[in-house]
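Have the structure open as you read.

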Amino acid sequence: MESISVFEIIKVGIGPSSSHTMGPWNAASAFIRIIKREKSIAEVKEVFLEFFGSLAKTGIGHGTDIAGMLGLNGEDFKTINTSKIDEKIEKIKKDQIINLGGEKEIPFVYGYHLVLNMQKSLDFHPNGMIFKAVFEDGTELVQDFYSVGGGFIASQEKNSIEKQCVRTLYPCHHGSDIIKYCEKLGFKRFSDLILINEESWRSQEETRQEALNIWANIKECIYKGVNKEGILPGGLNVTRRAAGINRKLLGDKIYKNIDEWFKLVVDAEENFTNINKWIACFALAVNEENASFGRIITAPTNGASGVIPAVLMYSQAFTECISEDDIVRFLLVAGEIGTLFKKNATISAAMGGCQAEIGVSSAMAAAGLTEILGGSIGQVLMAAEIAMEHHLGLTCDPIKGLVQIPCIERNTMGAMKAITAANIALESDPAKAKVTLDEVIQTMWETALSMSDRFKETSEGGLAIAVNVPEC
């Protein structure tokens with residue numbers, strides 16, 4: 001089984017969906033690379049893109065079509081000016097031209113060259129798409145891709161996606177592996193093992209800097225979210241709430257930058273109600289940014305991107321765990337827990353429902369928090385198990401296919417459950433636990449396989465059909 005870096009699970013992303021936005025964007029970029037490998041961009045006459053299944057059914061609400069076009073246009077979601085996205089898409093549609101790979105302008109008619117096929121699903125995965133390039137000499141290049149959660153893409157042809165296979169020094173594919181290697185090496189902290197394994201990709205200092213870069217992006221995203229009011233795009237007319245909560249909690253206090261704001265949060269009155277509201281505020285801020293094509297931290301998906309930021313911010317503002325080392329250790333442990341779900345179950349809502357997104361993120365956050373609060377390795381794994389146990393069976397039923405209702409509020413719930421799970425685990429003896437993390441991961445996967453497709457990000461069940469919202 002292939003090893004996965006924690007920074008493939010926790011990474012810089014763009015809203016509103018990792019599976020439906022980042023995945024198609026990555027696929028489009030990969031297709032450009034395949035064209036260059038097989039022939040050249042200069043030889044392309046036309047390019048076609050067809051989305052199937054879940055990607056098609058909730059594509060408009062998730063910006064799947066937008067992601068496909070921008071990826072083909074040579075844009076990078078990690079660097080694109082997010083305020084210019086609407087302008088770029090409008091130009092492509094109006095001019096009916098796409099600048100393929102940023103190198104050659106070719107005809108591109110929305111609805112002809114890009115199609116959302118809601119009547120058909122590809123067999124390999126619900127999030128399927130097919131790219132086709134037609135060259136000047138009449139030959140064609142066709143490639144299928146599947147968005148399998150968290151921005152990851154796959155293909156039925158193993159050699160179609162350039163990917164470096166890595167095996168770490170101490171492969172951790174199950175919770176039992178983590179216990180085995182920590183005992184073998186005499187480690188008392190989960191994060192010590194993960195830090196060594198991450199050397200398969202980068203040095204320990206580079207790992208530390210990447211974690212701190214993630215933290216900087218988290219703070220920036222929350223800060224943007226708590227200072228932005230208005231209505232979220234998409235037609236549901238959902239009002240942003242984080243800014244109002246932030247304003248109410250801080251009263252008449254004034255700040256000019258992120259550091260001044262954070263100090264005010266830390267110095268704010270600490271009682272249960274206020275802390276509870278701050279946690280909700282942090283999560284809402286991130287997911288409101290996500291819903292409006294903002295730059296966020298995918299952890300492990302975009303729909304669940306507010307949980308880890310909310311819990312990590314809570315730890316920095318309201319506990320004694322405020323060092324940079326604590327931040328690094330939190331993210332290493334959280335990311336590694338995410339890899340266990342990725343390898344043994346799924347982090348795709350189209351495959352497993354919302355348990356695969358909010359449930360996994362809550363388990364990740366619970367583990368990270370337990371680690372820095374002084375929990376043993378067994379307690380860290382127990383916290384992750386508790387958090388997921390109470391998300392089992394959670395469906396994905398976004399109204400109108402948007403990552404807004406119930407997605408945004410679910411992040412606040414996932415964060416609260418993560419903190420509760422950590423507190424319970426810290427007061428428990430893992431040796432007396434009746435359920436292991438490995439068992440709950442297996443149960444989650446079996447639940448996913450048994451779940452009706454109507455509740456897997458298709459907008460065909462649950463709240464998505466119970467609440468009748470007319471299309472705009």
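Start with Asp326, which is buried, with a relative accessible area of 10% (buried means under 20% relative accessible area, exposed over 50% and partly exposed in between, using a 1.4 Å probe and protein chains only). Before going further, a word on ground rules: this is a predicted model, in which local features need pLDDT of at least 70 and side-chain atom pairs count only at pLDDT 80 or more, while totals for chains, interfaces and linings use all residues. Residues are numbered from 1 along each chain as its sequence is written, and side-chain values use heavy atoms, with hydrogens and water left out.

Back to Asp326, then. You'll find Asp326 in helix H14, residues 324-344 (helices are DSSP runs of H or I with at least four residues, strands are E runs of at least two, and both are numbered from the N terminus). Leaving aside residues up to four places away in sequence, Asp326 touches Gln316, Cys321 and Ile372, where contact means heavy atoms within 4.5 Å.

Another aspartate to look at is Asp65, in helix H5 (residues 64-72). Asp65 counts as buried, at 4% relative accessibility. Setting aside residues up to four places away in sequence, Asp65 touches Phe51, Gly59, Ile60, Tyr110 and Leu114.

What about the cysteines? A disulfide is a covalent bond between the sulfur atoms of two cysteines. Searching the whole structure turns up zero disulfides, counted as pairs of cysteine sulfur atoms within 2.5 Å. Take Cys172: the closest cysteine sulfur, in Cys182, is 7.1 Å from its own sulfur, too far for a bond. Cys172 is buried, with a relative accessible area of 2%. For Cys354, the closest cysteine sulfur is in Cys396, 5.7 Å away and again too far for a bond. Cys354 is buried too, at 8% relative accessibility.

Finally, the surface. Val467, in the segment after helix H20 (463-466), counts as partly exposed because its relative accessibility is 34%.
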